[in-house]
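Subject: Structure handover

Hi,

Here is the structure we talked about. Please take a look, then read the notes below.

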Amino acid sequence: MSHNTIAINQQMDKFDGHASVWLFGYGSLIYKADFPYIERRTASIANWTRRFWQGSHDHRGTEAAPGRVVTLVPERGAVCNGMAYLITPEVFTHLDHREKNGYLRLATQITFDDETGVEGLVYIATADNAAYLGAASEQDIARQIAASSGPSGPNRDYLIDLAHALRAMGKHDAHVFAIERYLTS
């Protein structure tokens with residue numbers, strides 16, 4: 001699959017006719033909401049884990065030297081913490097462009113911190129997109145992040161901002177924090 005997913009995402013009609021939809025963010029969407037939203041709440045999704053396995057050619061790296069950003073990979077029993085935003089469907093145009101480098105809109109069950117839940121959507125870069133880099137050791141990921149920069153700035157800023165946002169939410173992510181330790185040591 002091409003890493004440019006805008007056209008594919010525009011075909012998703014699961015939430016057509018809805019006045020608003022909950023969006024789950026687990027990476028830069030936690031700390032960089034550059035879109036209008038109605039409400040914002042801490043939340044989680046089950047059976048997914050956050051990993052720095054997606055390449056970034058357009059934001060935190062280049063075609064010649066891609067950075068690494070997070071995606072979700074399935075893991076039974078895992079819980080991925082993040083931020084949920086109640087948005088209107090008009091926001092999809094902006095989000096589809098922002099998440100165009102391999103991310104697909106998928107329906108998911110979102111659970112808020114008060115244990116209530118709702119069906120919403122999440123952008124996930126699956127292993128079959130051309131920008132997917134896959135697994136690597138956390139030390140190797142930190143090295144690649146340290147050496148990468150793109151139009152949105154240094155890749156290290158993305159990692160550090162994500163780690164700070166998770167701590168501010170009171171959430172632990174062993175993968176993110178291990179890469180941060182390697183990067184800053």
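Glu 99 and Arg 98 are both buried. Buried means under 20% relative accessible area, exposed means over 50%, and partly exposed covers the range in between (1.4 Å probe, protein chains only).

Before the rest, the ground rules. This is a predicted model: local features need pLDDT of at least 70, side-chain atom pairs count only at pLDDT 80 or more, and totals for chains, interfaces and linings use all residues. Residues are numbered from 1 along each chain as its sequence is written, and side-chain values use heavy atoms, with hydrogens and water left out.

Salt bridges

Glu 99 and Arg 98 also form a salt bridge, with their closest N and O atoms 3.3 Å apart. The cut-off is a side-chain nitrogen of Lys or Arg within 4 Å of a carboxyl oxygen of Asp or Glu. Asp 34 joins in: a network of salt bridges links Asp 34, Arg 98 and Glu 99.

How many salt bridges does a search of the whole structure find? It finds nine. One of them pairs Asp 173 with Arg 50, at 2.7 Å from N to O. This pair links distant parts of the chain, 123 residues apart. Asp 173 is in the loop between α5 (155-168) and α6 (174-184), and Arg 50 is in strand β2 (residues 39-56). Helices (H or I, at least four residues) and strands (E, at least two) are DSSP runs, numbered from the N terminus. Arg 50 has 2% relative accessibility, so it counts as buried. Asp 173 counts as buried too, at 10%.

Arg 105 and Asp 96 meet in another salt bridge, at 2.6 Å from N to O. Arg 105 is buried, with a relative accessible area of 9%. Asp 96 is buried at 2%.

Strands

Strand β3 (residues 67-87) is mostly covered, with 16 of its 21 residues buried. β3 pairs with β2 in the antiparallel sense over 15 bridges. Strands pair if DSSP finds at least two bridges between them. Which residue of β3 is the bridge partner of Glu 39? That is Leu 86. Strand β1 (residues 21-25) also pairs with β3, again antiparallel, over five bridges. There, Gly 25 has Met 83 of β3 as its bridge partner.

Aromatic rings

The whole structure holds six aromatic pairs. Rings of Phe, Tyr and Trp (its six-membered ring) pair if their centres lie within 6.5 Å; planes under 30 degrees apart count as stacked, over 60 as edge-to-face and the rest as tilted. Among the pairs is Phe 35 with Tyr 85: edge-to-face, 5.2 Å centre to centre, 75° between the planes. The two are 50 residues apart, Phe 35 in the loop between α2 (28-31) and β2, Tyr 85 in strand β3. Phe 35 is buried at 5% relative accessible area. Tyr 85 is buried at 0%.

Tyr 37 and Tyr 85 are also edge-to-face, at 5.0 Å centre to centre and 65° between the planes. Tyr 37 is in the loop between α2 and β2, 48 residues from Tyr 85. Tyr 37 is partly exposed, at 36% relative accessibility.

Charges over rings

The charged end of Arg 41 sits over the ring of Phe 112, 3.9 Å from its centre. Arg 167 lies over the face of Phe 177, at 4.2 Å from the ring centre. The criterion is NZ of Lys or CZ of Arg within 6 Å of the ring centre and within 35 degrees of the ring normal.

Best regards
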